[in-house]
Amino acid sequence: MFDIDTMNTQQSQSTTALVCENAALYGAAPERGEFDSREVFDRDGAMIAVSEAFRTLSEDVTPDGFQLADEREHLLWGIVNAFDAQVRRLDRCVDKLIPELRDLERAQDGTEINARELELKTERVRHLGDRRDAFEAMRDALADQYRDATGKTWRPRRGSHVSHTGKLTSAAIDARDFRRAKKDREIKAHLPDGTLVAITGGKHVTDCDAIFRSLDKVRAKYRDMVLVHGGGPGVEKIAAQWAERHGVHQVVCKPDWNAHGRAAPFRRNDELLNLLPKGVIAFPGSGITDNLVDKAAQLGIPVQKIAT
């Protein structure tokens with residue numbers, strides 16, 4: 001026969017011991033109104049874990065020789081995007097708290113209560129920023145693995161791909177973000193600040209060597225070169241890969257099909273040229289490419305035409 005009272009006592013002690021053990025190992029979670037002394041994350045352990053998870057999905061879940069291999073690129077893009085979504089969510093959380101922080105700063109009257117509330121709010125903002133940077137570091141590491149696995153540069157569907165923590169060698173800034181920052185004179189994290197050089201061409205141009213040679217020559221002349229392109233297939237995709245490999249920042253001007261319909265590529269050309277690039281490298285393409293070249297010439301922007 002089992003002693004029920006003894007079992008209950010052991011169970012109670014076991015639960016308490018477990019709580020104490022977890023608190024000792026990981027730090028007790030702070031109560032409301034308390035400071036949080038826990039580390040943000042185990043950087044080395046987290047980096048190894050996300051890298052291994054990515055490798056498993058790439059090599060074990062979607063291996064070559066099976067139909068699921070056709071879905072690999074979309075799956076891996078989504079993994080990187082999940083971490084990017086966390087970065088953006090935490091950015092929004094910080095943005096919402098900043099006005100409250102400013103109000104608390106203005107409300108300081110020397111009392112201990114107001115001072116502590118300001119300290120707690122300041123710590124909350126700082127910790128959210130640290131968490132954001134942690135997810136960004138993991139996102140950037142996964143973006144590197146995505147490029148190695150697919151041969152393509154990871155980009156979000158909308159907006160810019162920048163790194164506040166400086167882990168990216170090549171930031172890709174959406175043209176609208178670039179113009180907004182310039183207009184507001186707000187230089188955000190790794191906002192490209194150099195000589196803008198645009199490249200354009202058709203989706204059927206696949207001569208990587210010719211594209212690379214052209215870009216290498218321009219970069220030799222302008223060491224602070226920032227590549228401007230439309231984010232399309234063919235020439236622009238190859239140029240984006242070159243920029244990623246060489247640590248050259250990019251400004252991407254994608255057509256806004258929802259806003260402009262069929263006129264979107266031509267409006268995109270206008271937006272690209274409104275950035276006033278130093279010059280345009282033009283490979284053979286469609287009428288959209290010719291439109292950009294003609295408008296650049298009208299604005300007095302030098303155009304280098306490359307025949308393939």
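**Exercise 1.** Is Glu 136 buried or exposed? Classify Glu 136 in this predicted model, then place its salt bridge.

*Solution.* 
- Start with accessibility. Glu 136 has a relative accessibility of 0%. Buried means under 20%, so Glu 136 counts as buried.
- Turn to the partner. Glu 136 forms a salt bridge with Arg 139, with the closest N and O atoms 3.8 Å apart. The cut-off is 4 Å.
- Check the partner. Arg 139 is buried too, at 2% relative accessibility.

**Exercise 2.** Describe the salt bridge between Asp 84 and Arg 88.

*Solution.* 
- Take the distance. The closest N and O atoms are 2.7 Å apart.
- Locate the residues. Both lie in helix α3 (residues 72-106), 4 residues apart, about one turn of the helix.
- Asp 84 is buried at 2% relative accessible area, whereas Arg 88 is partly exposed at 29%.

**Exercise 3.** Work out the setting of the Arg 55 and Glu 52 salt bridge.

*Solution.* 
- Take the distance. It is 2.8 Å, N to O.
- Locate the pair. Helix α2 (residues 43-61) holds both, 3 residues apart.
- Arg 55 is partly exposed at 26% relative accessible area. Glu 52 is partly exposed as well, at 38%.

**Exercise 4.** How many salt bridges does the model contain?

*Solution.* Apply the 4 Å cut-off. The count comes to 16 salt bridges.

Terms used:
Residues numbered from 1 in each chain as written. Predicted model: local features only at pLDDT ≥ 70, side-chain atom pairs only at ≥ 80, totals over all residues. Heavy atoms only, no water. Salt bridge = Lys/Arg side-chain N within 4 Å of Asp/Glu carboxyl O. Helix = DSSP H or I, 4+ residues; strand = E, 2+ residues; numbered from the N terminus. Buried < 20%, exposed > 50% of the residue type's maximum accessible area, 1.4 Å probe, protein only.
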